[in-house]
Amino acid sequence: MGKIIAFANQKGGVGKTTTAINLAAALSEREKRVLLCDFDPQGNATSGFGVDPRSLETSIYDLIVADQPDVKSAIVSTKWVDLLGANVNLAGAELDLIGMSDREYRLKNVLDQVKDDYDYVFIDCPPSLGLLTLNCLCAADSFLVPLQCEYYALEGLSQLMTTVRMVKKALNRKLVMEGVLLTMFDGRTNLSIQVVEEVKKHFPGEVFSAVVPRNVRLSEAPSHGKPITAYDRMCRGAEAYLALADEILKKNDRKGGS
C-alpha cells in the first residue's frame, strides 16, 4: 500500500512545492514508485515537472468534482514521477465543494483508487487552511511541514497544528506528522540558527536532519521544468533533497512501511 504524504504550510513561499517536486524525484531515483498530486491552483508542481497546466485534458479539479472519476486516465507520466496535475480551474473548487456530500473526502476518494500502485503519493497543498487543505489532510496518512528559517515561521506552524488537531479529532484519526523540514537555511545568520533551535525545542524528534539551504539553483530548476537532481545534481540543494529521501526511507522502513 502506498503512503500518502501531504506537504502542508498555509504560509506561502516556504518551499512546499520545491520540496514536493525534489523529494519525489529523489525517491524515484531510489527506485520508489511516486505519484505527485498537485492540489494548488497555481499548478507549480505540474509545471515544475515540465507539464503545461493549460494542456491537461483532465486535471485534479475534474476528478474531485466528478461522481465517478476515472483517475488512471488523468495520470501524466513524466521522466521522473507520475503526476496528477492542477490548473487554475482548482481556484473555484472550494465553492463547488461546499454543496457536495463528503466534501472533505473528495480527494481521498480519488487517491484511494490508485495509491496501491505506488510506494508514495505526495500531495502539494495550497497555501491556505481552507477546504482544499482539509481535503489534503483527510486524504493523507501523514503531513510534512516545510518551514522557512525566518522570524514568523513558528507563528504559522501553530495555526497549522491547530487545524491538524481538529482534523485528527473529527475527520482523520490516523493522521500523523511525518516531520518538519527546515528550508532556506542560511548558516551565516544568527536568525536561521535561532529558528532551528526553537523548532527543535517545540518539536523534539520531529525535525529532519537534512536541512535545505538557500540555493539559487533550486530557484532556477522549475523554469527549466526539471527537478534539481536533473538540473544540477552537484549543488547543495540537490544534496539536501537526496539526504532527505534517505531519511524518509529509513524512517518508513523502520515502521514497516514502504
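Modeller: Two strands pair if DSSP finds at least two bridges between them. Strands (E, at least two residues) and helices (H or I, at least four) are DSSP runs, numbered from the N terminus. This is a predicted model, in which local features need pLDDT of at least 70, side-chain atom pairs count only at pLDDT 80 or more, and totals for chains, interfaces and linings use all residues. Residues are numbered from 1 along each chain as its sequence is written, and side-chain values use heavy atoms, with hydrogens and water left out.

Biologist: How do you know that E1 and E6 pair?

Modeller: E1 and E6 share 3 bridges in the parallel sense, and the requirement is at least two.

Biologist: Why is E1 called largely enclosed?

Modeller: Buried means under 20% relative accessible area, exposed over 50%, and partly exposed in between (1.4 Å probe, protein chains only). In E1, 5 of the 5 residues are buried, so the rest of the structure largely encloses the strand. Lys3, Ile5 and Phe7 are buried on one side, Ile4 and Ala6 on the other. In general, side chains of a regular strand alternate between the two faces of the sheet.

Biologist: What makes the span of H8 close to the expected one?

Modeller: The expected span is 1.5 Å times one less than the number of residues. H8 has 18 residues and reaches 26 Å from first C-alpha to last, close to the 26 Å expected.

Biologist: How do you know that the buried residues of H8 are on the same side?

Modeller: The buried residues are Ala153, Gly156, Leu157, Leu160, Met161, Thr163, Val164 and Val167. They cover an arc of only 165° around the axis, so they lie on the same side of H8. That arc is taken from the directions from the helix axis to the C-beta atoms. Exposed on the other side are Glu155, Arg165, Lys169 and Ala170.

Biologist: What do the buried residues of H8 pack against?

Modeller: They pack against helix H7 (131-139), E6 and E7, where contact means heavy atoms within 4.5 Å.
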